[in-house]
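Please examine the sequence and the structure shown here before reading the explanation.

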Amino acid sequence: MKVQLLEATEDPEELICTAARNDYYDGYVGDESFEAVMESIDGESIEEKQETLIGHLLDHGHFGPFEHPQVTFAVEGISRSCMAQITRHRHVSFDVQSMRYVSFDDVDPAEVEEGAMVVTPPSAADPDWVGRNQRTGTVDDETVAKREELFQRSVRQSVEDYQELLDLGMPPEDARFVLPIGTKVNMVMSMNARMLMHVADMRAAADAQWEIREMTERVLDLASDWCPITFDYYESEMKNRKNRLAP
Ligand SMILES: Cc1cc2nc3c(=O)[nH]c(=O)nc-3n(C[C@H](O)[C@H](O)[C@H](O)COP(=O)(O)OP(=O)(O)OC[C@H]3O[C@@H](n4cnc5c(N)ncnc54)[C@H](O)[C@@H]3O)c2cc1C
């Protein structure tokens, strides 16, 4: 999979601090410099003052100001299973690649066995992989070789059948019914910083499925470049806490 930051609010932490200071400021933040708005906050420099205020907000659960900065990510090559999970988050906006308008008629089914078009889960080839609700623990090399062969045969067959149905004149919106849930999809998603923390609470957690966890970790890496004080604090003080109903 690939995850990229497409667009984001410039200087998100100045925005978070300005919005938060608005609540307790006797003047009008729109008329003041950022330095004036932050004057009463502890810290030698403006960066230290931002760290003080953002740490205080997150520590006290004052999450509203984190709804102002927005970020948009492009995601390539996740499974439709992962897409179904992330799109359950109602405060995230999505655009998802269509299987009605994009047909996979030029994909070579032999390449599907090697990972084209369908995501191959690590458990297909890793004998030591242990996932949730698995019937056995680790397995021997012979068993995992059979597992890999069966997985490859199955995804190749479904793509061959899909392409044959297209050749027989079936519309892509119907032929797609035979494709596996592991079929790859590209997606654009936008959210605010508060929602990003909520998604991470749920989807970077140990009980989340490996693929959405991997995607969320990549999103978090990009978020800590974009909005560093907030997401460094999130990483060190908040991540892996018990999920809150309303973060
Ligand atoms: C490990 C794991 C396993 C899961 N398994 C399943 C499963 O088997 N089946 C299944 O259907 N789903 C499953 N889910 C999805 C889960 O139930 C949620 O639907 C999904 O994670 C969206 O999160 P959310 O409920 O926090 O809502 P979001 O849409 O992310 O909303 C964020 C917050 O806004 C508030 N909110 C939003 N909408 C409303 C509303 N209408 N009413 C009241 N408050 C609202 C809530 O406080 C909510 O937490 C699973 C999720 C995880 C992480």
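The model is predicted: local features need pLDDT of at least 70, side-chain atom pairs count only at pLDDT 80 or more, and totals for chains, interfaces and linings use all residues. Residues are numbered from 1 along each chain as its sequence is written.

The protein chain is assigned domain 1 (2–72 + 191–238) and domain 2 (104–182), with bounds that come from an automatic or database domain assignment. Taken over C-alpha atoms, the centres of domain 1 and domain 2 are 39 Å apart.

An unreviewed UniProt entry lists under "binding site" Arg88, His89, Arg90, Asn192, Ala193, Arg194 and His198; UniProt positions are given in the numbering used here, feature names are shortened, and annotations may be inferred rather than shown by experiment. Arginine 88 is located in the loop between helix H4 (80–86) and strand S3 (93–96). Helices (H or I, at least four residues) and strands (E, at least two) are DSSP runs, numbered from the N terminus. Histidine 89 also lies in the loop between H4 and S3.

A residue is buried if 20 or more other C-beta atoms lie within 10 Å of its own, exposed if 12 or fewer, and partly exposed in between, with C-beta atoms placed from the backbone. Arginine 88 is exposed because 10 other C-beta atoms lie within 10 Å, whereas histidine 89 is partly exposed because it has 17 C-beta neighbours inside 10 Å.

Threonine 120 belongs to the loop between helix H5 (109–112) and helix H6 (141–167). Threonine 120 is partly exposed, as 18 other C-beta atoms lie within 10 Å. Threonine 183 is 63 residues from threonine 120 in sequence, with a C-alpha to C-alpha separation of 9.4 Å.
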